[in-house]
Amino acid sequence: MAGIWQRASLTHTLASLPTLALAPSLTYLDLQTFRLTALPPVVPTLTSLTTLHLDFNPLSSLPDSLSNLAPSLTRLSLARNRFATLPLCVLSLTNLHTLNLSANALTSLPPSISNLSRLATLDCSKNQITYLC
């Protein structure tokens, strides 16, 4: 039964999100195209997540509580949102291997992005970045 909660790709409805709190072993969560304006509070409680997709939403910020996922999260995709700056909580996700920030409104990246020492793939394409430190 534990295998049931390994992966969740929800079908454009937030109605099923509260039940995710009952899925502590969930490792993959796909919330693309949900029209999220804020991260659902249940997401930072899913401390076994290794992959989180939040693409194609109108997100412009993330809660500090996302840093609760630091021990496990290795892939984060924030493509096609409305981020003008990189949320600080992302910089605390030190186990990230892949970070997709493409197609947002970023104009720069903070020097502290170098703290993500395990990062192997960083996609910042389709932003307005004019300067890298």
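His97 is partly exposed in this predicted model, with a relative accessible area of 36%, where buried denotes under 20% relative accessible area, exposed over 50%, and partly exposed the range in between (1.4 Å probe, protein chains only). The residue is found in the loop between β4 and β5, strands being DSSP runs of E of at least two residues and helices runs of H or I of at least four residues, numbered from the N terminus. Not counting residues up to four places away in sequence, His97 touches Thr74, Arg118, Leu119, Ala120 and Thr121, a contact being defined by heavy atoms within 4.5 Å.

The model is a prediction in which local features need pLDDT of at least 70 and side-chain atom pairs count only at pLDDT 80 or more, whereas totals for chains, interfaces and linings use all residues. Residues are numbered from 1 along each chain as its sequence is written, and side-chain values use heavy atoms, with hydrogens and water left out. The predictor's confidence in each residue, pLDDT, runs from 0 to 100; the chain averages 88, and 83% of the residues score at least 70. Over residues 1-5 the pLDDT stays under 50, and the model has 7 contacts beyond four places in sequence for this stretch. Where pLDDT is low, the predicted coordinates should not be read in detail.

The chain contains 0 helices and 6 strands, and the pattern read along the sequence is β-β-β-β-β-β. Of its 133 residues, 43% count as buried. The accessible surface, computed by the Shrake-Rupley method with a 1.4 Å probe and, for residues, with only the protein chains shown counting as cover, comes to about 6,900 Å², of which 57% belongs to carbon and sulfur atoms. Among contacts between residues at least 6 apart in sequence, 26% join residues at least 24 apart.

The largest nonpolar core has 34 residues, among which Leu49, Leu52, Leu54, Leu62, Leu76 and Val90 touch the most other members; such a core is a set of buried Ala, Val, Leu, Ile, Met, Phe, Trp, Tyr and Cys residues joined through side-chain atoms within 4.5 Å. For Leu62, the contacts, residues up to four places away in sequence not being counted, are with Leu39, Leu54, Leu78, Phe83, Pro87, Cys89 and Val90.

The loop between β3 and β4 holds Asp55, which counts as buried at 7% relative accessibility. The side chain of Asp55 makes a polar contact with the side chain of Ser77 at 2.5 Å, and the Asp55 side chain also reaches the backbone nitrogen of Ala79 at 2.9 Å. A polar contact is here a pair of N or O atoms within 3.5 Å; within protein, one must be able to donate a hydrogen and the other to accept it, and residues adjacent in sequence count only if both atoms are side-chain atoms. When neighbours within four places in sequence are left aside, the contacts of Asp55 are with Leu31, Gln32, Thr33, Ser77, Leu78, Ala79 and Asn81. Asp55 and Thr33 are 22 residues apart along the chain, and their C-alpha atoms are separated by 6.5 Å.

Asn57 is found in the loop between β3 and β4 and is buried, with a relative accessible area of 4%; the side chain of Asn57 reaches the backbone oxygen of Asp55 at 3.1 Å. Beyond four places in sequence, residues touched by Asn57 include Leu31, Gln32, Thr33, Arg80, Asn81 and Arg82. Phe56, found in the loop between β3 (51-53) and β4, is partly exposed at 43% relative accessible area. Most residues other than glycine have a negative phi. The phi of Phe56, however, is near 60°, a positive value, and the phi of Lys126 is likewise near 60°. Lys126 lies in the segment after β6 and is exposed, with a relative accessible area of 62%.

Asn95 is found in the loop between β4 (75-77) and β5 (98-100) and is buried, with a relative accessible area of 16%. Neighbours within four places in sequence aside, Asn95 is in contact with Ala70, Pro71, Leu73, Thr74 and Arg118. Ser117, found in the loop between β5 and β6 (121-123), is by contrast exposed at 64%. The C-alpha atoms of Ser117 and Asn95 are 8.0 Å apart in space, the two residues being 22 apart in sequence.
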